[in-house]
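Please read it alongside the sequence and structure shown here.

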Amino acid sequence: MNIWAWIILIFGVIGCASKRSSDVAYAFDDYGAVGGFAEADVEASIKEAPAPTRSTRVESERQIALVRPTDEAKPPPATLEPVSPQPSRMVHYDGYARMRATRPAETLDQIASIALEVGGRVDRLNDTQATVRVPVDAFDDTWDAILDLGDVLDKSVRADDITDQFRATDLRVKTLRTMRTRLVRLLARARSEEEKLALLEQITRVTEELDRTESRLRVLRDLASMSRISVDVVPREFGPQRRELVLSGFGWIRGLSPFDRGVYSDTKRLELDTPEEMVSLTKSGPYIAESPKGTVLWSMRLPNDPQGDADYWRSAVHESLAEDFENVSRRTVGEWACLSLDEPGAEEPYRWQICLATSGRHIQLVQAYFPDAAEVERFGERIEQALIGGGDA
């Protein structure tokens, strides 16, 4: 073999080795860049991993079989699923109204019909209350049509711009999908059991984060496409008037509603730890978070005037609201005095939870709305943990 043949052969071997090395380094470096595991972390986890036992090898082989590329099941392509075009700004509207009408049931049926006519849906409908969802483009016209159905006693509209949060979450989903694909490809080339186990652990963690992030993205997309309108309707004539709290400092209690999240008396944000599987809608201003199925958590601050502790204000709220609800119960969660109230006379009642704490000159008020018992089971304890970890109490 002449000298030129040797030179060509040597450069060919070096080029192949360099390409394989750069492929592996690129995959690890890119994963580390998105807040996952850097290459050094992977190497350390491989070195520190105990020698695999027979059961460990069997389990790793079983998991590898699930993710190893084959002719029938190749790893997902790096190209991502197309996302439908979104408007320049994505805003979630949440309207609440309290109205008086001669025939409340008929008025509520009309509200449901208006929502359905514009392509919306009915989330809840009973003799006194309706919650509907309507396309965001139809919100203004639908809102005006509903307010024309009776005498408006109270109304509020929240408009939360979730554009930046949606874009950031969408980007994170795309990044995680790409990272998982690359980790699967690295697993297919792994040689030792320790390396395979380390990669499987990373794939599991990436998959779990991807599932959570995709869930948040679905919630944000639904909130941006469908606005919510909640309406309480009371009759124009309904017998003896019940006693109202009219003393100075107590008026806010009668304004409370499980569906009204537009009343905030203090501009300072009362921050909470957002429970897992819920999405915080805003980074500034009043705190509010939602779950995929309609559980809502929100907070506010009020003047502590007249001065009272958490038990004092819970008793005031109980005296004013308890007669309108069923299964009213009290509970203490850390420094918070809580009151739970169930919707009366419903086969599938919602639950409204009101928790109060005092901090200096302010009352801290946190409310949660659970649309059904399943959501109470799913988020009840998580919201209590958020109370313990958040606020100034």
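**Briefing on the predicted model**

Asp324 is placed in the loop between helix 9 and strand 9 (326-333). The model is a predicted one. With a relative accessible area of 29%, Asp324 is partly exposed, because partly exposed covers the range between under 20% (buried) and over 50% (exposed).

**Nonpolar core**

- The largest nonpolar core has 47 residues. Those with the most contacts inside this core are Trp252, Trp313, Val317, Trp352, Ile354, Leu356 and Leu365.
- Two or more residues each come from helix 6 (163-189), helix 7 (193-225), helix 8 (251-254) and helix 9 (310-321), and likewise from strand 8 (296-303), strand 10 (336-342), strand 11 (351-359) and strand 12 (362-370).
- Helix 7 gives the most to this core, with 10 residues.
- Ile354 is in contact with Leu256, Val317, Leu321, Ala337, Cys338, Leu339, Leu341, Leu365, Val366 and Gln367, leaving aside neighbours within four places in sequence.
- In soluble globular proteins, nonpolar side chains tend to be buried together.

**Aromatic pairs**

- A search of the whole structure finds 10 aromatic pairs.
- In the pair Trp252 and Trp313, the ring centres are 5.7 Å apart and the planes stand at 45 degrees, so this pair is tilted. The pair links distant parts of the chain, since Trp252 is in helix 8 and Trp313 is in helix 9, 61 residues apart. Trp252 and Trp313 are both buried.
- Tyr350 and Tyr369 also make a tilted pair, because their ring centres are 5.5 Å apart and their planes are at 50 degrees. Tyr350 lies in the loop between strand 10 and strand 11, and Tyr369 lies in strand 12, so the pair ties together parts that are 19 residues apart in sequence. Both Tyr350 and Tyr369 are buried.
- One aromatic cluster is formed by Phe250, Trp252, Tyr312 and Trp313.

**Salt bridges**

- The count of salt bridges comes to 21. Side chains of opposite charge can pair when their charged atoms come close.
- Glu201 forms a salt bridge with Arg205, and their closest N and O atoms are 2.4 Å apart. Both residues lie in helix 7, where they are 4 residues apart, about one turn of the helix. Glu201 is partly exposed at a relative accessible area of 38%, and Arg205 is partly exposed at 39%.
- Arg382 forms a salt bridge with Glu277, with the closest N and O atoms 3.0 Å apart. Arg382 lies in helix 10 (residues 373-389) and Glu277 in the loop between helix 8 and strand 6 (279-280), so this pair ties together parts that are 105 residues apart in sequence. Arg382 is partly exposed, with a relative accessibility of 27%. Glu277 is also partly exposed, with a relative accessible area of 27%.
- Arg351 forms a salt bridge with Asp342, and the closest N and O atoms are 2.8 Å apart. Arg351 is partly exposed at 28% relative accessible area, whereas Asp342 counts as buried at 8%. The cut-off behind the second assignment is that buried means under 20% relative accessible area.
- A network of salt bridges links Asp94, Arg228, Arg261 and Glu290.

**A buried serine**

- Ser280 has its place in strand 6. With a relative accessible area of 11%, Ser280 is buried.
- Not counting residues up to four places away in sequence, Ser280 touches Gln165, Arg269, Thr274, Tyr287, Ile288 and Ala289.

**Surface patch**

- Leu116, Val122 and Leu125 form a nonpolar patch on the surface. Together these residues have about 240 Å² of accessible area.

How values were computed
Residues are numbered from 1 along each chain as its sequence is written. This is a predicted model: local features need pLDDT of at least 70, side-chain atom pairs count only at pLDDT 80 or more; totals for chains, interfaces and linings use all residues. Side-chain values use heavy atoms; hydrogens and water are left out. Patches are made of residues with over 30% relative accessible area and no salt bridge: like charges are joined within 9 Å, nonpolar side chains (Val, Leu, Ile, Met, Phe, Trp, Tyr) within 5 Å. Accessible areas come from the Shrake-Rupley method with a 1.4 Å probe; for residues, only the protein chains shown count as cover. A salt bridge is a side-chain nitrogen of Lys or Arg within 4 Å of a carboxyl oxygen of Asp or Glu. A nonpolar core is a set of buried Ala, Val, Leu, Ile, Met, Phe, Trp, Tyr and Cys residues joined through side-chain atoms within 4.5 Å. Buried means under 20% relative accessible area, exposed over 50%, partly exposed in between (1.4 Å probe, protein chains only). Contact means heavy atoms within 4.5 Å. Rings of Phe, Tyr and Trp (its six-membered ring) pair if their centres lie within 6.5 Å; planes under 30 degrees apart count as stacked, over 60 as edge-to-face and the rest as tilted.
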